[in-house]
Every structure is written in structure tokens, then in C-alpha cells.
Amino acid sequence: MKKIILISLLLSWLVAESNQTKPTTNSCIECHQGIEDIRDHKSGMMKAIYKMANKAGAKDNDCIVCHGGNPRESTKELSHSGTIEYFKSHKGPKAFYPYPASPWINKNTCGVCHPKQVSAQENNLMATEQGKIHGALWGFGGKDGYNHSFTNFGGKSVEPHERLGTETYRKYMDKLKAIEPQGFFDVTKELPPAPTAEEVEKDPSLSVYTYLRQECLRCHTGGKGRKRRGDYRGTGCSSCHIPYSNAGLYEGGDKSISKKEDGHLLVHSIQSSSKVKVQVHDVNYSGIPVETCTTCHNRGKRIGVSYQGLMESGYQATFDAQGNGQPKLHTKRYLHLTEDIHYSKGMLCQDCHTSNDMHGDGFFRGANLGAVEIECQDCHGTTTKYPWELPLGYSDEFATTPKTGEARGTTKTLAEYLKQGSIPKDKGDGFLLSARGNPLTKAVKKGNKVIMHLSSGKTVELKPLKLLKEQKKISKEGLVAMDNIKAHRDRLECYTCHATWAPQCYGCHVKVDYSGGKQNPDYLKASKHHHNGKTGEMTNLKDFLVDGKVTETRSYLRWEDPALSQNGEGRVSPTIPGCQVTLTVIGKEGKALYQNHIFKIKNVEDAGEEGINSITMSPVQPHTITKKSRSCESCHTSPKAMGYGINGGKYFSDPSKTTMVDLMDNNRKVLAHNVDEQIPATLNLKHDYSVMIDKDGKQVQTVGNHWKLSQALDNSTREKLDRRGVCLSCHQSIPEGNLAISAMGHIAKMANVKIDNSMHKYILSKSLNISAWVQVVVPLIIGLFGIWFFWMRRRNNT
């Protein structure tokens, strides 16, 4: 009898426990049967959601906490409207939200539990697109000068005490703002509207607003963007935290959601950190896949696709089994080059980038260098210092001398909002710190090593450079580059050598055509128009048509050995084409108002009144890191690396002259009358798009337009870099230059010495060492002999 009672009590307890962990009274499930759990029922997040639902009087209905609605109603229309009475006067959804993570309403959903991140989101660079806007305005004649005063929707930074980050970080950012005020506005203005065709007739440069609104500003977190393969994503928090496949098709278990209609999430689950597991079919994963990030980061600097080793191509190769060419992804096709080593190791974007990098800190931050707080040395250190021995600000100087000061150390203190993420149980000797003083919650110091707790759940042991040097595990070439040559360590970014390729799209040929009543959607206007979080792109883009139609093309593509320049942090960096706008505007009557026009901006970049071309080369972290670096020769003997352009800019004919191709006489006079211009002139372009400086050292286009120190390499730096013609310095007298060299040549032949690459290096090293010793020892001997001679002479005289 006692056994029966005990078994009965045990079963009752199990049933009660089961009801607590996985409720069954959610009436929304009557229609959405089979839908995936947004989070594991045993997770702290889900328990908090149930607690809120129960408090609202909707026992165990987790759906209404995010979506709102009236689940007790009898029809879909009534259920998907309004909200329950409790939420009308308490925190929670104020209506039915089909997209509860939308930034327009997520203060009532995500923000209830994550108020700090949601408060910061609207000023985060992925929401404001501040740098992208400034780049385009610069390319159209520098309409805002160096100021970054425009954002997608305008706004105001949070109060200083509300800024996310440590007190050290806040002070650091205050100092940075004082150095670069043009990039850190407390209040920004909303981007002006797209102009009418009539307004463009009076001022064709206003077409920049058509260009931005139709083409460039689709990838902000305030809207869902366009429906193209690889570009499907959520909006607001779900831009990153909800999985979407390339096809935008739902593959979960909810039979009420179409499996054929595009634009849907892959499964109804939140993706986040290592402690959050998402199941898709028979696969479980954690973290935010890189492909989520590449839905936006596939144009401009292209860092997302580059991280995966994808370099866009103009060709369809290769073919599938049915003979179809490569399908377009993000409206482009690709080559698969070398992946970033971090990607190959299984690292996701969030494993390096911090919460502040991605969510923002509540302040406007101009462009990438203002927003990103991490540096390579934060984890890898240098050959002379461990990461925790470096001062704050190292490699983030915004100055041309390396940062010095006391060691930054580590920390075990975390802000409460960071604790909502996945924090390692073993904090070792503390979390590493970013260059700006915030904890890196995935990087833990353990002795003289770093343990990386990745979002995928994987743990990686990292040996900093100083330890590798002590263990003699750095190659001879590596030691020379990173340790022996102090100037490399002090003046270069790590990725200047270790990024072996970068996407280079030369010449951004923009055509904005206002003829014949042409119109296209204004994506920015559509995303601002919203109802209960559902934006205009999700309803009907045709409601947001504006005058003009934008098309883009390029001059040519490259990827190998990017050029070098000085970035805004004051360090030498890889450099790729930025916004190299070459503008054609067709007026409403079909005539060109601008044709292949490059604007000139006066009194900037030391140009004076004559102005400088507004086309831009941009310093970049390409996210194509490899263990083996680019070769010394690829910088020290390369005109391109120095800023003189590909092959010194000598491949191309003068682009400011029209190229005609047809039957001609020997004086190149075209014989036929029915001819077309093969390559119309670009009048303001006297050099190839890859040329930053001419042979006289004069800068001929903009190099970075965001930060004060961005510029082409100066004369002093180029003099140190330029080692072209070194071969000739020896070989001009080999093999018959003089008796000694001739004799060495004959002896080498008689001894059958093979002069291969290794022997050549040996000879050079030996010759240099002998020469150095001779130049030191001979004067020393002569000096000592002179002293001895005068001493003897003096002694004899006395």
C-alpha cells in the first residue's frame, strides 16, 4: 500500500513538473500546431516569458508575450488583433505584432527583458548607416563635407550615463570624440527625401538621395530589405537573431505557414549564443551563422562574403548536373578563394565582435572605426607583450605613434546586460579587455594562454605571439616581420600583411535615369512606414515609388595584393576602392545632365582651390586573414602597394579621352560615318581608378573620407617602403663588372655551384655581413692604428 502511495505521489510530481517545463494550455497552438519553440522551455529566458504570461492572466501562453493578440477569440482575424487587457497598462505588446522584433515596436517586446540593447539599437551603425550615407554624399561632391550629420531617420544619442560599456570605455570614447568630432554627433538629421525629376533638372547632384534610397539603404535593421536569394532576413533584433535561409522558405513543422511562399524564417527559433540550441531538421546548432551576417555584409567592403572566401565574379562558371550556370547569391556570382583562418577554425562573427560592436552603445559612431572596439592584438598580443600587458588603445591610437602606458590587465567584472549572454563558467585569470576597455566575454586568460569559448560551443586554445616566440614556434620570416622590424609592429595593422587578398571593385559607375516617368521603390521610406512593426516592404513596395531608376556597373575587378594607405587609426592598412562614383544622370527629357561625371571637392586633402576627385580609396580590414602573410616583395617592390596604381597606373590609356574603334586610316581618322563611341570619356579622370598618388607624390583622389588621419602614404613612408630596382644594384656589375666579381663568377662555374634561390639568398646574406664587418672593422683598425701612430710619435718626441 505504501509503495502504491509513493508511486502515486511520484507520478503526480512528475506531471506537475512536466506542466511547469512544457505547458500544454497555449491556445495559439490550436492553429499553429507543430511550430518550433522560440526557446527551450527549460531556459531562463522561457521561464521569464511564462512568468510574464501568467502574470498577464494568459497562463502558459508564451506567444502573447511577444506577439500580443487575443488568443481567446474564435477567429484568426480577431485573435490577430489588439492585445490582452493586462498589456494595455503594463509592459508588453500593445497590439498584435506579426514581427515582434521590429525596431519600431520592440521596446514593448524584446526591450521588456533587454532594455539596454534595445535602447542602443536605433543609434547602432547597422541601423543608422551613417558611414554609408557619408560615403555617398562625399562621392556626389562632398555634400556634408567631413561631417557625418545624416542618418537614416535622424535622432539623438542616449544620455552619457546611459552609454553602454565600462567607465573606462566611456572615458575612452569621450577622448575619441574630442579628436574626431566630425564622426561623433550627439544629434543627427534624417536623410532628405528623394527628389522629383523636376528638382533634378535644376540640380542633378540631388540624385544622390535617389541613389541612396533606392540602392544603398536596403540593409539597415529598420526594414527587411529586398527579396533576393541570400538577402532574406528579419527586421530589428530578428535581423540577426532569427534564422533565414538563402531561399527565404520556411522548413519547420507549422502547417499553417506556407512552405512555398518566400520571405519566411527558416524555423521559429531564436539563434544567439552557445547556450541557445536551434534545431533544423536533424541538426542542432548554436550561435549566429556567418550567413546571417552576409545577408547585408556582401557589398561595400564585402567583409562578410570575403570572410567565407567568396569573391564576386562576372561569370557563370561552374555548371551543375543539369548544365545550369552558377545561381546568383546576393544578386552576384562568386569565386571561392582562401577563407579567413578564423572562419576555417569555426569562429563566427560574434566570437570576435563584442556586444557593443553589434548592438551599439547608444551613441552615434560615424563609421566602422568609430564603432568597432576590437583589435587583433587584444587576443594575439605582440611578440614582446601579452595581450594583458598592452596598454589600452594599442593599435587603436588615432595617432601616428604607438600607444604606451600601463598594462590593461584583465577583469572578472561584467555589466548586468552582458550576463544575459553566454558567459563561461571558468573565468580563469579573467576576461581579456578590448582596446577600448570593455571585457571580451569569450576570451579568458589562463596562465600565458587564451581560452576562446566560441558561440558554436567549441573551445579553442590560443597561444599569444609572445608565447609562440618563447617556444620558438614562429618562422624565421615571421620573426623578421613582426619582431626584428619594430616599425612594422608600431606602424602597421596585423592584417596589412596577413590579409592576402581583398575585393577590389574599381570604378562605381552610377546611372540615375529620370526619363520617361521611370520610378523605383524608396526602400528607406518603405521601412519607415510601419503598422504594428510591419513595414512597407512587407506589404507593397509599389506604394513607395519615387522618381528615377538606379543602375550600377563597374570598370573592373581585382582581388590580389591590395594597395596600402594610412587608415584613420594612423596605421598602414590594406586599401580597396570605396565609393568611386562616376555619375551619369539622365533628365526627364532623356538627355544627360551629367555624363560619366566625377565631382571635384575644393580645399580638402591638401588640394586647394583646384579640388580633388571625390572618388575614394578606402582603408579596410578585409577579413581574409591567413597564417602565412603576403610576401615582402608584394609591398616593397609594388607600385600598387605604394599608391601609384596597378603597374604604376601604366596599363590604361588616358580615360579622359573618348576611345573610338572602327575602320581608320594611318592617322587614326575614322572612315565610316555611322559609328558609336566605344568608350566615352570620363573628363575628370586623368589616371586609372587604382592610382592614389601620381609620380610626383601628389594625391589624385580621396583616401578615406571619415577620419582625419586617412591618407595615401606620405613621402617619408614611401621612401622607407620603396625597394624597387634593388636587383639592378648588384646585377649591373655581374658577371663582368670588375676583377673580383669576375673571379668569383669563374670560381663558381669551376666548382659547379648552382645559383638557385636558396644559394642566392645565402650569397646576399653573406655579402651583406662581410660588407658590414668590413665597413665597421676597417675604419676601426685604421682609427686604432692612427691613435697608436700618434702615441708612438709623441713618445719618441719626448
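1. A salt bridge is taken here as a side-chain nitrogen of Lys or Arg within 4 Å of a carboxyl oxygen of Asp or Glu. Glu-215 and Arg-218 form such a pair, with their closest N and O atoms 3.6 Å apart. Glu-215 is buried at 15% relative accessibility, and Arg-218 is buried at 8% (buried means under 20% relative accessible area, exposed over 50%, partly exposed in between, with a 1.4 Å probe and protein chains only).

2. The model is predicted: local features need pLDDT of at least 70, side-chain atom pairs count only at pLDDT 80 or more, and totals for chains, interfaces and linings use all residues. Residues are numbered from 1 along each chain as its sequence is written, and side-chain values use heavy atoms, with hydrogens and water left out.

3. The structure holds 33 salt bridges. One of them joins Arg-163 to Asp-174, with the closest N and O atoms 4.0 Å apart. Arg-163 lies in the loop between strand 2 and helix 10 (167–179), and Asp-174 in helix 10, so the pair ties together parts eleven residues apart in sequence. Helices (H or I, at least four residues) and strands (E, at least two) are DSSP runs, numbered from the N terminus. Arg-163 is buried, with a relative accessible area of 4%, whereas Asp-174 is partly exposed at 48%.

4. Glu-389 forms a salt bridge with Lys-466, the closest N and O atoms being 3.1 Å apart. This pair links distant parts of the chain, 77 residues apart: Glu-389 is in the loop between helix 20 (377–380) and helix 21 (416–419), and Lys-466 is in helix 22 (residues 465–470). Glu-389 counts as partly exposed at 28% relative accessibility, and Lys-466 as buried at 17%.

5. An open sheet of three strands has the order 1-3-2, with mixed pairing; two strands pair if DSSP finds at least two bridges between them. Strand 1 (150–151) and strand 2 (155–156) stand at the edges with a single partner strand each, so one side of each has no neighbour in the sheet. Strand 1 pairs with strand 3 (residues 187–190) in the parallel sense over two bridges. Thr-151 stands opposite Glu-190 in strand 3.

6. Which residues line the largest cavity? Among them are Arg-218, Cys-219, Lys-224, Asp-231 and Arg-299 (lining residues have an atom within 4 Å of a point; a cavity is a set of points on a 1 Å grid over the protein atoms alone where a 1.4 Å probe fits but cannot get out).

Terms used
On a 1 Å grid over the protein atoms alone, a cavity is a set of points where a 1.4 Å probe fits but cannot get out, and a pocket is an open set with protein on both sides within 12 Å along at least five of seven lines; lining residues have an atom within 4 Å of a point.
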